[in-house]
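These are my notebook entries on a single protein chain. I set down what I looked up, entry by entry.

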Amino acid sequence: MLSMRALLGRAQTAAYRKHDMTNPMIPPPLPPVEEVVNNDAPCRKCGYNLRGLPMDGRCPECGSPVGLSIHGDLLRFSDPQWVRKLARGARLIILAVVVAVLGVLAGVGVTFALGPSWAPFLVVMIMIAYGLNLTASWLLTEPDPSGIGEDRYGTSRKIIRFSLFVGVIDGVLQLGEAAMSVPPPVHAALAVVQILAGLIGAVGWIALLDYLAKLAERIPDAFLAKRARFLKVTLGGSYILFLILSLLAHLLVPAGTAPSAALPCISGILGLFMLVLMLLYLRMVETLGKRFKEQAAAAETSWALIVTPGPAAA
């Protein structure tokens, strides 16, 4: 049975979750809690179970203050270094898009002006952009050191990383196909493999947006969480539909025969719709990056509020 003091502490924490702070850089006052951790609570730094330890003590594994690990899953009480990685990942996604767009424009311009021999420049720019996006996604999907959230979005996080791995393999296959001539049967097989890899990538997109929605709930930011769920349905569904249309065009249209007018028309309209959704996605990621940065600063302040000399004794 929880004491009245513990119930009051939980009520204050729940009330804060619904409160939109005017200055998110200032951490909220810590709610009153019992002197000893009575429930299972993972350490925010290493995940050690702090049950039974005094509130003013330190984790016996990593020396982090126990008092930081008992306030739910809010990012402002998480390991500041991990939250900083989330912010860097969001910024790198925007940078990857900028590099990709500028690289394509520059590559097309250079190839047009100086000849086809400069076409590899375009490939190099796209590879740089993909590398940035890969790094960004890896930073964003690094698990919370405490293990908090894995029960809610651990599967999505793993799907994202698996889709990144498939994307690397698909990119290598495409470069190999472009670098050497392959017989028609191999070319057809590679086309199907690329479409299947695209479908896995679409599932990865859906998992990413689900993951971002649940991270937004840990800020908490209801608007960003709602926007991520909206894009999960619309952008993820549109991507899958686009890939299905591509697969139908590949399988149903005879070689050397022009496809019916309806198929490219539908694909074009769908592509424009996806472009609008991508702009909404980039705007959301930019805002998330700013909020993650705010939460990292608040987490550093929160961790600085509880200072004890040195790690706990073994």
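Predicted model: local features only at pLDDT ≥ 70, side-chain atom pairs only at ≥ 80, totals over all residues.

**Entry 1. Asp210 and Lys232**

I looked up the side chains of Asp210 and Lys232 and found that they meet in a salt bridge, at 3.3 Å from N to O. Asp210 belongs to helix 5 and Lys232 to helix 6, so I recorded a link between distant parts of the chain, 22 residues apart. I then looked up the accessibility of each partner. Asp210 counts as buried, at 14% relative accessibility, because buried means under 20%. Lys232 has a relative accessible area of 25% and is partly exposed.

**Entry 2. Overall layout**

I turned to the chain as a whole. Its secondary structure comes to 7 helices and 0 strands, and the pattern along the sequence reads α-α-α-α-α-α-α. Of the 314 residues in the protein chain, 38% are buried. I noted for the contacts with a separation of 6 or more that 72% are between residues 24 or more positions apart. The chain exposes about 16800 Å², and carbon and sulfur atoms supply 71% of that area.

**Entry 3. Other salt bridges**

How many salt bridges does a search of the whole structure find? I recorded 13. One of them pairs Asp144 with Arg218, with the closest N and O atoms 2.9 Å apart. Asp144 is in the loop between helix 3 (119-140) and helix 4, whereas Arg218 is in the loop between helix 5 and helix 6 (222-252), so this pair ties together parts 74 residues apart in sequence. I looked up both ends for burial. Asp144 counts as buried at 4% relative accessibility, and Arg218 counts as buried at 0%.

I next looked up Glu286, which forms a salt bridge with Arg283; their closest N and O atoms are 3.0 Å apart. Both residues lie in helix 7 (residues 262-305), 3 residues apart, or about one turn of the helix. Glu286 is partly exposed at 34% relative accessibility, and Arg283 is partly exposed at 48%. I also recorded one network, in which salt bridges that share partners join Asp73, Arg152, Glu217 and Arg229.

**Entry 4. Asp170, a charge without a partner**

I located Asp170 in helix 4 (residues 150-179). Which side chain of opposite charge is nearest to Asp170? I found Arg161, at 19 Å. Asp170 is buried yet has no salt bridge. Leaving aside neighbours within four places in sequence, I recorded contacts of Asp170 with Gln194 and Ala197.

**Entry 5. A nonpolar patch on the surface**

I looked up the surface and found a nonpolar patch formed by Phe162, Phe165, Ile169, Leu173, Val193 and Ile200, with about 510 Å² of accessible area together. Helix 4 and helix 5 (184-217) are the elements that give two or more residues to this patch. Which of the elements gives the most? I recorded helix 4, with 4 residues. Val193 is found in helix 5 and is partly exposed, with a relative accessible area of 38%.

I placed Arg76 in the loop between helix 1 (4-17) and helix 2 (80-114). Is Arg76 buried or exposed? I found a relative accessible area of 2%, so Arg76 is buried. I looked up Gln295 against Arg76: the two are 219 residues apart along the chain, and their C-alpha atoms are separated by 5.0 Å. Their side chains are joined by a polar contact of 3.5 Å.

The bond that joins Ile219 and Pro220 is cis, with omega about -5 degrees.

Terms used
Residues numbered from 1 in each chain as written. Heavy atoms only, no water. Buried < 20%, exposed > 50% of the residue type's maximum accessible area, 1.4 Å probe, protein only. Lys, Arg positive; Asp, Glu negative; His and termini not counted. Salt bridge = Lys/Arg side-chain N within 4 Å of Asp/Glu carboxyl O. Contact = heavy atoms within 4.5 Å. Patch = residues over 30% accessible without salt bridge, like charges linked within 9 Å, V, L, I, M, F, W, Y side chains within 5 Å. Areas by Shrake-Rupley, 256 points an atom, 1.4 Å probe, with all protein chains shown as cover. Polar contact = N/O pair within 3.5 Å; in protein donor to acceptor, adjacent residues only side chain to side chain.
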